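Okay, everyone, let's get going.

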Amino acid sequence: MTDATDYTPPKVWTWNKANGGRFAAINRPVAGATHDKELPVGQHPFQLYSLGTPNGVKVTIMFEELLELGHTGAEYDAWLINIGEGDQFGSGFVAINPNSKIPALMDRSGPEPQRLFESGAMLLYLAEKFGEFLPSDPATRTEALSWLFWQMGSAPFLGGGFGHFYAYAPFKIEYAIDRFAMEVKRQLDVLDRRLADNAYLAGDVYTIADIAVWPWYGALVKGLAYDAGEFLQVQEYKNVLRWADAIAARPAVQRGRMVNRVMGEPSSQLRERHDAGDFTTKTQDKLEAAAEPAA
């Protein structure tokens with residue numbers, strides 16, 4: 001390992017607004033709104049305000065899976081929240097999610113609107129509301145919830161830990177990358193051992209646990225996040241790869257991953273979703289526009 005820097009923490013930490021690299025303009029040590037901005041409201045029972053990051057993808061996959069099963073009450077509008085421009089600090093967004101993180105969700109199907117924040121809470125809420133993807137058998141239900149909460153506690157080491165220092169930090173820190181790479185590989189081994197004898201995380205059935213874990217760890221081993229597959233030698237985790245492939249093949253997962261997506265090929269993006277037909281009409285419009293010669 002190379003020599004450590006000469007940094008010594010001060011007695012009292014102070015906020016250096018210039019520190020933080022790519023995210024310096026939006027990271028801050030206080031909560032609350034920075035500006036007044038109401039959120040739009042569409043025609044469907046559920047109003048989702050999000051971005052196609054792993055946490056956002058969990059919820060759009062869940063909605064698409066419910067719609068795939070014929071639950072018309074799960075129709076939703078998905079509005080784009082551009083976190084790079086600070087949309088998550090608008091007053092309307094903060095009123096739904098005081099933590100200013102995507103996603104934020106409003107259920108307007110009842111007599112009074114119900115706000116939801118934290119993606120895991122949304123998955124559990126929707127599973128209970130529609131009676132899907134959370135088994136009634138106590139043992140299997142408990143297993144699914146255990147893996148759901150495993151994801152909540154583990155993913156910050158992958159995203160804010162490994163992902164940040166490996167892909168986004170303004171300079172590479174060997175100690176930080178080594179520390180978080182070790183933990184991510186341990187987590188992949190945890191999953192691989194579980195999936196050696198089980199088709200899905202809760203057993204033989206696909207549940208909200210798989211919906212929560214796949215956008216983080218499935219995307220990692222499939223090469224959809226951080227471009228770190230070779231670095232982490234993800235091919236070692238054959239059971240995770242088998243599971244990731246099986247989930248990636250689901251039509252609802254393919255649609256859910258497109259919603260609020262702003263990166264990648266135009267055909268993979270559906271920046272806002274307000275109708276099921278948007279998956280064909282709006283993505284096709286972008287493809288046709290991209291094919292037009294420049295003026």
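Let's start with helix H9, residues 251-258. Its buried residues (buried means under 20% relative accessible area with a 1.4 Å probe, protein chains only) are Ala-252, Val-253, Gly-256 and Met-258. Helices here are DSSP runs of H or I, at least four residues, and strands are E runs of at least two, numbered from the N terminus. After H9 comes Asn-260, with a positive phi, near 60 degrees.

Quick housekeeping: this is a predicted model, so local features need pLDDT of at least 70 and side-chain atom pairs pLDDT 80 or more, while totals for chains, interfaces and linings use all residues. Residues count from 1 along each chain as its sequence is written, and side-chain values use heavy atoms, without hydrogens or water.

Now, salt bridges, meaning a side-chain nitrogen of Lys or Arg within 4 Å of a carboxyl oxygen of Asp or Glu. How many does the structure hold? There are 14. One of them joins Glu-68 to Arg-255, at 2.8 Å, N to O. Glu-68 sits in helix H1 (residues 54-68) and Arg-255 in H9, so this pair ties together parts 187 residues apart in sequence.

Next, Glu-75 pairs with Arg-273 at 2.7 Å, N to O. Glu-75 is in the loop between H1 and strand S2 (76-80), and Arg-273 is in the loop between H9 and helix H10 (278-291), 198 residues apart. Are these two buried or exposed? Glu-75 is buried at 18%, and Arg-273 is buried at 1%. Both pairs belong to a salt-bridge network of Glu-64, Glu-68, Glu-75, Arg-255 and Arg-273.

Beyond its neighbours within four places in sequence, His-44 is in contact (heavy atoms within 4.5 Å) with Glu-75, Tyr-76, Asp-77 and His-274.

Last stop, helices H4 (residues 138-168) and H5 (residues 174-195): their axes, lines fitted to C-alpha atoms over the stretch in contact, come within 9 Å and cross at roughly 155 degrees. That makes H4 roughly antiparallel to H5, a label for angles over 145 degrees, on a scale from 0 to 180 between N-to-C directions. Residues making the contact include Trp-147 and Trp-150 of H4 and Phe-180 and Val-184 of H5.

Definitions and conventions: Buried < 20%, exposed > 50% of the residue type's maximum accessible area, 1.4 Å probe, protein only. Parallel < 35°, antiparallel > 145°, perpendicular 65-115°, else oblique.
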